[in-house]
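Me: I have a new model open and would like to go through it with you. Could we take it one part at a time?

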Amino acid sequence: MNESTTNSMNDLGPRPFAYNGPRLEVSGVDLVSLAEQYGTPLYVYSADNVRSRVELLQRAFAGVDHTLCYAVKANSSLALLKLLGEMGCGFDIVSGGELERVHRADAEAQSRVVFSGVGKLAWEIDAALEAGILMFNVESEAEVELLSARAQALGRTARMALRVNPDVFAETHPYISTGMSEHKFGIAIARARAIYAHAAKLPGLEPAGVSVHIGSQIRDVAPFAESVKRVRQLIEELRADGLNIRYLDAGGGFGIEYGRKAFDPAERVTAYAAAIKEVIAGLGVHLLLEPGRFIIAQAGALLTRVIAVKQNGAKRFVITDAAMNDLIRPALYQAHHEIVPLELRGRAAQVADIVGPVCESGDFFARDRETEALEAGDLVALLDAGAYGMSLSSNYNTRGRAAEVLVEGGKARLIRRRETVEEMLAGEVL
Ligand SMILES: *Cc1c(COP(=O)(O)O)cnc(C)c1O
């Protein structure tokens with residue numbers, strides 16, 4: 001390998017993870033030391049990277065009245081929510097549990113919460129009404145009735161938007177595409193006007209916005225522009241019907257590049273913002289955006305140690321101490337994560353399946369992946385694991401959840417202890 005190939009192989013692009021000589025660092029902090037101090041598997045996040053992504057979005061939408069409502073489900077760790085709340089972000093929640101997280105991280109930010117989800121329960125609606133959230137994104141006619149009933153019972157008024165389904169196709173994995181008429185999400189846009197007219201007559205409801213969310217990990221800006229265009233037309237019709245619609249919630253879903261493809265987040269955000277701004281020009285709405293992945297995915301990595309390397313027939317397996325219960329994206333979405341050593345040792349390249357110890361053949365992080373040869377004891381990082389990593393983790397195989405560390409201003413701090421066996425069993429009754 002010549003010098004320039006080595007350099008490009010080890011250039012990790014817009015991520016906060018970068019090699020300093022042979023050692024991988026996050027925002028200048030050595031990762032081997034973190035893995036040794038806190039153990040593995042370990043999630044590590046860069047606060048600086050989170051901030052810079054939020055600032056990119058804030059700058060790109062400057063000049064438009066807007067609020068970034070970070071999608072809590074992407075990564076709901078309290079310390080991250082606190083950091084985002086301090087930056088002025090609101091939150092997009094999908095459960096009463098997520099509302100409680102926002103309450104604990106930044107109680108004042110509850111006034112900037114939008115509540116999405118296809119199956120809200122009465123207790124969750126009640127908690128959100130008591131918290132005085134900004135808006136309910138209602139996803140069915142039955143939920144319009146339920147929201148009205150709960151608001152009336154509590155003597156409150158619920159600001160609401162219908163989440164409309166714009167029937168726009170966006171290229172992404174089928175499990176994370178949501179904006180086509182065959183999906184369970186939202187209400188067909190053609191039926192929205194009649195439902196708004198009905199909602200406006202119900203007690204306790206104030207139709208105040210229209211929302212749309214077409215899916216996740218969408219890198220093309222055209223489907224966003226197309227769906228917002230359809231929403232704009234609906235807003236104009238609703239206003240003609242006499243409704244005071246002042247919020248346009250354009251959803252989340254803006255994607256990143258997981259592989260080695262060149263990726264300039266600033267450039268992408270500028271194009272995304274320009275497309276949306278053009279469509280809403282002159283409409284006079286407060287724009288809500290619900291980014292999750294774009295803000296948090298690349299700020300995080302999952303550190304894991306190689307337990308063993310074994311050869312089964314023609315295949316080589318690298319077995320790590322992290323597994324699908326820690327990071328399920330490869331198993332669930334066939335997702336790609338770059339896997340890089342925390343310490344370059346100049347070994348020859350080798351192809352292997354990189355797998356966890358869980359008793360499922362689906363428990364793999366990568367198949368036939370070429371990396372510098374790995375040996376037992378080596379440490380590696382799975383990059384871009386900040387979104388839908390920890391938040392989708394489970395106790396499968398009675399494995400405790402990983403610890404989490406946040407790096408900020410050159411210092412690391414533990415933001416979640418490793419879960420113990422005692423904690424996992426605490427709720428069970430013999
Ligand atoms: C999941 C979700 C988001 C966030 O999606 P990302 O791809 O992480 O940006 C935003 N809004 C709603 C309604 C969601 O369900």
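Me: What do the buried residues of helix 10 pack against?
Reply: They pack against helix 3 (47-60), helix 9 (222-240), strand 12 (247-249), strand 13 (286-289) and helix 11 (293-296). Packing rests on contacts, meaning heavy atoms within 4.5 Å. Buried means under 20% relative accessible area, exposed over 50%, and partly exposed in between, with a 1.4 Å probe and protein chains only. Helices (H or I, at least four residues) and strands (E, at least two) are DSSP runs numbered from the N terminus.

Me: Before we continue, what sort of model is this?
Reply: This is a predicted model, in which local features need pLDDT of at least 70 and side-chain atom pairs count only at pLDDT 80 or more, while totals for chains, interfaces and linings use all residues. Residues are numbered from 1 along each chain as its sequence is written, and side-chain values use heavy atoms, with hydrogens and water left out.

Me: Back to helix 10, then. Which of its residues are buried?
Reply: The buried residues in helix 10 are Pro 265, Val 269, Tyr 272, Ala 273, Ala 275, Ile 276, Val 279 and Ile 280. They cover an arc of only 160° around the axis, which puts them on the same side of helix 10. The arc is that of the directions from the helix axis to the C-beta atoms.

Me: Why would residues spaced like that point the same way?
Reply: An α-helix has 3.6 residues a turn, so residues three or four places apart point the same way.

Me: And which exposed residues sit on the face turned away from the buried side of helix 10?
Reply: That face carries Glu 267 and Glu 278.

Me: How far apart are the end C-alpha atoms of helix 10?
Reply: They are 22 Å apart, which agrees with the 22 Å that the 16 residues of helix 10 (residues 265-280) should span at 1.5 Å a residue. The expected span is 1.5 Å times one less than the number of residues.

Me: What is found at the start of helix 10, and what follows the helix?
Reply: At the start, a side-chain oxygen of Asp 264 comes within 3.1 Å of the backbone nitrogen of Ala 266. After the helix comes Gly 282, with a positive phi near 80°.

Me: Helix 9 next. Is Ser 227 buried or exposed?
Reply: Ser 227, which has its place in helix 9, is buried, with a relative accessible area of 2%. Not counting residues up to four places away in sequence, Ser 227 touches Pro 166, Val 168, Val 212 and Ile 214.

Me: How many bridges join strand 1 and strand 2?
Reply: Strand 1 and strand 2 are joined by four bridges, and Tyr 19 stands opposite Leu 24 in strand 2. Strand 2 (residues 23-26) and strand 3 pair over two bridges: Glu 25 has Asp 30 as its bridge partner, and Val 26 has Val 29.

Me: What about the turns?
Reply: The hairpin of strand 1 and strand 2 has two residues between the strands, and Gly 21 there takes a positive phi near 65°. Strand 2 and strand 3 also form a hairpin with two residues between them, where Ser 27 in the turn has a positive phi of about 45°. Ser 27 is not a glycine, and at 25% relative accessibility it counts as partly exposed.

Me: Where is Gln 217 found?
Reply: Gln 217 is in the loop between strand 11 (205-211) and helix 9. It has a positive phi of about 55° without being a glycine, and it is buried, with a relative accessible area of 9%. Most residues other than glycine have a negative phi, and most peptide bonds are trans.

Me: Which residues does a cis peptide bond join?
Reply: It joins Thr 40 and Pro 41, with omega about -5°. Pro 41 lies in the loop between helix 2 (31-38) and strand 4 (42-46).

Me: Lastly, the whole protein: how many helices and strands?
Reply: There are 13 helices and 21 strands. The radius of gyration is 23 Å, close to the 22 Å that the globule rule gives for 430 residues, so the protein is as compact as a globular protein of that length. That radius is taken over C-alpha atoms, and the rule is 2.2 Å times the number of residues to the power 0.38. Buried residues make up 56% of the 430 residues.

Note on methods: Two strands pair if DSSP finds at least two bridges between them. A polar contact is a pair of N or O atoms within 3.5 Å; within protein, one must be able to donate a hydrogen and the other to accept it, and residues adjacent in sequence count only if both atoms are side-chain atoms.
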